[in-house]
Amino acid sequence: MLSGEGLTSGFGYSLAVADLNNDGWADLIVGAPYFFERQEELGGAVYVYLNQGGHWAGVSPLRLSGTPDSMFGISLAVLGDLNQDGFPDFAVGAPFDGDGKVFIYHGSSLGVVVKPSQVLEGEAVSVKSFGYSLSGGLDVDGNHYPDLLVGSLADTAVLFRARPVLHVSHEVSISPRAIDLEQPNCAGGHLVCVDLRVCFSYIATPSSYSPIVALDYVLDGDTDRRLRGQVPRVTFLSRGPDDPKHQASGTVWLKHQHDRVCGDTTFQLQENVKDKLRAIVVTLSYSLQTPRLRRQVPGQGLLPVAPILNAHQPSTQRAEIHFLKQGCGEDKICQSNLQLVHARFCARVSDMEFQPLPMDADGTTALFALSGQPFIGLELKVTNLPSDPAQPQADGDDAHEAQLLVSLPASLHYSGVRALDSVEKPLCVSNENASHVECELGNPMKRGAQITFYLILSTSGITIETTELEVELLLATISEQELHPVSARARVFIELPLSITGVAIPQQLFFSGVVRGESAMRSERDVGSKVKYEVTVSNQGQSLNTLGSAFLNIMWPHEIANGKWLLYPMRVELEGGQGPGQKGLCSPRPNILHLDVDSRDRRRRELEQQGRQEPPEQREPSTSWWPVSSAEKKKNITLDCDRGTANCVLFSCPLYSFDRAAVLHVWGRLWNSTFLEEYSAVKSLEVIVRANITVKSSIKNLLLRDASTVIPVMVYLDPVAVVAEGVPWWVILLAVLAGLLVLALLVLLMWKVRLGEGGASGGWASLSSRRLFML
């Protein structure tokens, strides 16, 4: 007993019996039109049980399913052998699949072909509920093929007659079988031609059935190359007016079974064929020419139906025409040995001079420092030598259509090719965005050949984020050789071509006067000597547009170690680095005490902006009469934040973009009171201001050369203050007493001179002589 998959599936509603696999045992076909599965959207089913030598226990049926609500399987009919393959066929009705459909299934050695060979539709014959009933297995028109009658609920039945099946035999003949490019044989004597002949015949069942058959055929030349998108290498000489150059078409008329009819054509090869290894594939395709249908006359018998081709027999044939291979050894098999000996990055010294880049410790990765280099070279050396000199016949044959395919990263673009020997210079072509390059190495690249050349690559795509360059290289040839891609790699060090210098104006400062507290300061003139620092950043390379995270910094020593003022910052201004005519804002803001700006300095800056530069006022220390006591004066003292002898505030200025230079101006004042309190007994002091360039980035391979500078300023006690403060009290007392003594001697001398004048009249001559003596 056989059971269905559901109580309401209608399992057994329709039945059919046929030996589907032709094993001598009748098989069972069971319909279940109400079967459904919502998840898989199935409606109606037919189960095929293959008879296992009369035993049905444990037989797993094959289920054929229809669409939801189609009532697939409500009708079944065994048709007989429609296609004359020795296996019976059957039909399944689905009257509610659209306007109704009938599915034709073929039997086979495995039981049944699950894909229907044909689907008859009620819509095509304007009948609804088409396929509600089926009747088959009868030859209605007497052509020895079974026919099918399809019923419906529309009071209409449709007769489908089986068409006779033709089994066509075809053959393609080629002359010559191999192409010798050195032996032109066309009529003109310059090109190579190939003659083709195609022959057809047919058989059918029954043997008495011999209609006149017309077969249309098409010969397609160099099919594989055309399918690859390449231009075919052949042109047919005898072709139809509507045929493309690589095709020829024709028609053969077969008068009866076993009648053999042929068609001839010729194609010629194009000039300068490059692909000499891949065979030229010729494809034959044919079809049955459909005759005109004659109208059925009422009362007349059924007209004969037109035959069809066997659907299980291929209607195409491929034929290959090979080239006689030159330079491929005695076996005529080209086994090349293309090798990419080396691929290394080079610095471009001049148009034809290249210097290999240094290599990493692994010896395979180059080190590339980007410092304004617009181009970089990639040296490539390719050879085609036997892998074993002792057995040169093993490989190293000519490499036909030898190419080097280059794939570039987004950071590099192809610019050109150079070769030390112009004869060896390959032809290189890139795609539109210069990211892929194809270099022709030779067709063929002869046995024993070597070629060295340089690819010129533009570095315009390298940014501050680029860490590695990787170029993929693949050798290619149509000769027999297994080739794999290799890579040329370089680690990128971004070497920013920036330099920084600084100068202080003036370079020597002096302190003197009296000590004043911070609260007493009103104007910058109250603070002390003025000083101006100029820090210049120069760009020695090309314009850098990726420095949005670069900053110019100045370490300003505003305090000494105990917290007292050292250099008071009045004004910070960045000129350049922001685009044309823009000035940058630095942080933090200077002049935190909000002191008044010296009007003279303001006027001087205004004049400087108008192009009038006044020489800075400098006071040179006078040391020729300096009363220095080695016992009382200390040596030089350096006030430097790096040494811990001063505290710095960091002024940071962003450098967004600049082409050549940016200048940072910082105006300040020496805090006079601090030096009077702390360093009045010191011979000299050196105040250090430092400046540098920093880049805030996650890039680890960023390299800045000459990215810092040191600006020293010497500070001295004013010489006037030295005289007033540096002499002991007893020296001053002795000086006063000495002065009084000299004054007394002068008074006594003048008194004696007065007495001499009163004692002698007319004594001008003697007085003059005494004055002369005294002098």
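# Close-up views of a predicted model

**View 1. The disulfide of Cys199 and Cys262.** In this predicted model, Cys199 and Cys262 are joined by a disulfide with an S to S distance of 1.9 Å. The link is right-handed, with 105° about the S-S bond. Distant parts of the chain are linked by this pair: Cys199 belongs to strand β15 (residues 193–204) and Cys262 to strand β19 (residues 261–269), 63 residues apart. Cys199 has a relative accessible area of 4% and is therefore buried. Cys262, with a relative accessible area of 31%, is partly exposed. The structure holds five disulfides, and two others, Cys428 to Cys439 and Cys641 to Cys648, are shown in the next views.

**View 2. The disulfide of Cys428 and Cys439.** The sulfur atoms of Cys428 and Cys439 form a disulfide, S to S 2.1 Å. The torsion about this S-S bond is about 115°, so the disulfide is right-handed. Because Cys428 lies in strand β29 (residues 427–430) and Cys439 in strand β30 (residues 436–442), the pair ties together parts that are eleven residues apart in sequence. Is Cys428 buried or exposed? Its relative accessible area is 11%, so Cys428 is buried. Cys439 also counts as buried, because its relative accessibility is 0%.

**View 3. The disulfide of Cys641 and Cys648.** The sulfur atoms of Cys641 and Cys648 are 1.8 Å apart and form a disulfide. With 90° about the S-S bond, this link is right-handed. Cys648 has 29% relative accessibility and so counts as partly exposed.

**View 4. The open sheet of β24, β23, β26, β31 and β28.** Five strands make up this open sheet, and their order is β24-β23-β26-β31-β28, with antiparallel pairing. Strands β24 (354–356) and β28 (413–418) are the edge strands, each pairing on one side only. From one strand to the next, the twist averages 40°. Within the sheet, strand β26 (residues 375–384) and strand β31 (residues 450–458) run antiparallel and are joined by nine bridges. Which residue of β31 stands opposite Leu378? The residue opposite Leu378 is Leu455.

**View 5. The stacked rings of Phe354 and Tyr454.** The count of aromatic pairs comes to 16. One of them is formed by Phe354 and Tyr454, which are stacked at 4.2 Å centre to centre with 10° between the planes. Phe354 lies in strand β24 and Tyr454 in strand β31, so this pair ties together parts that are 100 residues apart in sequence. Phe354 and Tyr454 are both buried.

**View 6. The edge-to-face rings of Trp565 and Tyr568.** Trp565 and Tyr568 form an edge-to-face aromatic pair, 5.0 Å centre to centre, with 70° between the planes. The geometry counts as edge-to-face because the planes are over 60 degrees apart. Trp565 counts as buried, because its relative accessibility is 13%. Tyr568 is at 0% relative accessibility and so counts as buried.

**View 7. The ring cluster of Phe200, Tyr217 and Tyr286.** Phe200, Tyr217 and Tyr286 are linked into a cluster by ring pairs.

View 8. Arg348 places its charged end over the ring of Phe375, at 5.7 Å from the ring centre.

**View 9. The polar contact of Arg225 and Asp275.** Arg225 is placed in helix α1 (residues 223–227). At 15% relative accessibility, Arg225 counts as buried, because the limit for buried is under 20%. With which side chain does the side chain of Arg225 make a polar contact? The partner is the side chain of Asp275, and the contact is 3.5 Å.

Definitions and conventions:
Residues are numbered from 1 along each chain as its sequence is written. This is a predicted model: local features need pLDDT of at least 70, side-chain atom pairs count only at pLDDT 80 or more; totals for chains, interfaces and linings use all residues. Side-chain values use heavy atoms; hydrogens and water are left out. Two strands pair if DSSP finds at least two bridges between them. Helices (H or I, at least four residues) and strands (E, at least two) are DSSP runs, numbered from the N terminus. Axes are lines fitted to C-alpha atoms, for helices over the stretch in contact, and angles run from 0 to 180 degrees between N-to-C directions. Rings of Phe, Tyr and Trp (its six-membered ring) pair if their centres lie within 6.5 Å; planes under 30 degrees apart count as stacked, over 60 as edge-to-face and the rest as tilted. Buried means under 20% relative accessible area, exposed over 50%, partly exposed in between (1.4 Å probe, protein chains only). A charge sits over a ring if NZ of Lys or CZ of Arg is within 6 Å of the ring centre and within 35 degrees of the ring normal. A disulfide is a pair of cysteine sulfur atoms within 2.5 Å. A polar contact is a pair of N or O atoms within 3.5 Å; within protein, one must be able to donate a hydrogen and the other to accept it, and residues adjacent in sequence count only if both atoms are side-chain atoms.
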